[in-house]
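The following note sets out points for a colleague to check against the model. Each point can be read on its own, with the structure open alongside.

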Amino acid sequence: MGKDVIIACDFSSKEETLAFLDRFPGKKPYVKIGMELFYAEGPSIVKEIKARGHKIFLDLKLHDIPNTVKKSMHVLSRLDVDMVNLHAAGTRAMMEGALEGVTRPDGTRPLVIAVTQLTSTSEERMREELLINAPIDQTVMHYAANAAKAGLDGVVCSPMEAGKVHETCGAGFLTVTPGIRFADGEKGDQVRVTTPAQAKEIGSDYIVVGRPITAAADPVAAYERCVAEFVG
Ligand code: C5P
C-alpha cells in the first residue's frame, strides 16, 4: 500500500469537477469525492470518474445504526471505489457491520477508514455538549483503537497525530491526513497544518489536499509538487 496524494474535489457540479480533472492529461490522480459533490450529482459522478481511471476515496462519513450502515455500505460497494469512511462514534458494532456490508461477493473491498473526532470539535465543546471528559487527544486515540479492533484499515487524522496513531494501532494502520499546506502557501481556515514533506516525515500514509491544488493557478504543478514532497 503505497503513499499517495488524494485531491479533495470539493466542487458542487459534475461540469466543474470534470473540467478540473481535464487539466491533468495523462495523469490519474487519486480523487476524494465528498458529500457536496455526491449529493449534487449522485452515484453517476463516482462511476464517471472511476471510468476515467482514477482511484476514488468516497468521503460520506456514514453514522447510523449498524444494520443501516451495513446495508448502505453494501450498496456503496457496487460503486467499486477504493476507500470509504464512517464515524468511529457509531461504535464497534457499526464498524463491523460496515466491513461486512462493504465486502464484495469476490471477497474484495475498499479500504474502510474511520473519522475519530472532527477537527472542528474543540475539547471544550466535546466536554460541554457531548459530555466527554477525557482530553481530546486521548479520545482520538481511543476511537482509533476501537476502529483497529473492529478490523478497519485506518483513520482520518491530523498529520501531527499520525505518529501517535501508528504507535497506538500499529505501523500498518493507515493515517489519511488533511490539513496540508505548502510552506509558502495560504492556510485558509485550516489551523494545524503541515507541509507535504513534514507529513511524510511524521509518517502519514495518504495526504488529502484540496485548495492548495484546486485553487492554484497551475493545479497540475501544485499536484506534482505535493507528489515530489510526499512520495519523493
Ligand atoms: O482545501 P483543503 O486542503 O483544506 O481541503 C481538505 C479536505 O479535507 C476538505 O475536503 C475537508 O473537508 C477535508 N477534511 C479536513 N479535516 C478533517 C476531515 C476532512 O480538512 N478533519
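**Notes on the predicted model**

1. Helices α10 and α11 (219-230) each supply at least two residues of the lining of the second largest pocket. Helices (H or I, at least four residues) and strands (E, at least two) are DSSP runs, numbered from the N terminus. A pocket is defined on a 1 Å grid over the protein atoms alone, as an open set of points where a 1.4 Å probe fits, with protein on both sides within 12 Å along at least five of seven lines; lining residues have an atom within 4 Å of a point.

2. This is a predicted model, in which local features need pLDDT of at least 70 and side-chain atom pairs count only at pLDDT 80 or more, while totals for chains, interfaces and linings use all residues. Residues are numbered from 1 along each chain as its sequence is written, and side-chain values use heavy atoms, with hydrogens and water left out.

3. The second largest pocket holds about 210 Å³ of space, a volume being the space filled by probe spheres set on grid points that are joined across faces, edges and corners. Its lining consists of R181, F182, G185, E186, K187, G188, R211, P212, A216, A222 and R225. By class these are 4 nonpolar, 2 polar and 5 charged residues. Ala, Val, Leu, Ile, Met, Phe, Trp, Tyr, Cys and Pro count as nonpolar, Asp, Glu, Lys and Arg as charged, and the others, Gly among them, as polar.

4. The largest pocket contains about 1,200 Å³. Its lining numbers 44 residues, and T119, S120, P178, G179 and Q190 lie nearest the centre. Elements that each supply at least two lining residues include β2, β3, α7 (136-149), α8 (159-169) and β8 (206-209). The lining divides into 19 nonpolar, 13 polar and 12 charged residues.

5. The strands form a closed barrel of 8, in the order β1-β2-β3-β4-β5-β6-β7-β8, with parallel pairing; two strands pair if DSSP finds at least two bridges between them. Neighbouring strands of this sheet are turned by 25° against each other on average, direction ignored. Helix α3 (residues 43-51) packs on the sheet and touches β2 (30-34) and β3 (56-62), its direction making about 155° with that of β3. Axes here are lines fitted to C-alpha atoms, for helices over the stretch in contact, and angles run from 0 to 180 degrees between N-to-C directions. Helix α5 (residues 91-102) lies across β3, β4 (83-87) and β5, at about 155° to β4.

6. Which strands pair with β8? Strand β1 (residues 4-8) runs parallel to β8 and is joined to it by 4 bridges, with V208 as the bridge partner of I6. Strand β7 (residues 174-177) also pairs with β8 in the parallel sense, over 2 bridges, and here Y206 is the partner of V176. In a regular strand the side chains alternate between the two faces of the sheet. In β8 both faces are covered, with Y206 and V208 buried on one side and I207 and V209 buried on the other. Buried means under 20% relative accessible area, exposed over 50%, and partly exposed in between (1.4 Å probe, protein chains only).

7. V115 stands opposite V156 in β6. Q117 lies in the loop between β5 and α6 (123-130) and counts as buried because its relative accessibility is 13%. Leaving aside residues up to four places away in sequence, Q117 touches M126, L130, I132, T139, V140 and Y143, contact meaning heavy atoms within 4.5 Å.

8. Is T17 buried or exposed? T17, in helix α1 (residues 14-21), is buried, since its relative accessible area is 0%. Beyond residues up to four places away in sequence, T17 touches C9, F11, L37 and I49.

9. Most residues other than glycine have a negative phi. D80, in the loop between α4 and β4, has a positive phi near 60° and is partly exposed at 39% relative accessibility. T91, in helix α5, has a positive phi near 85° and is partly exposed at 43%.
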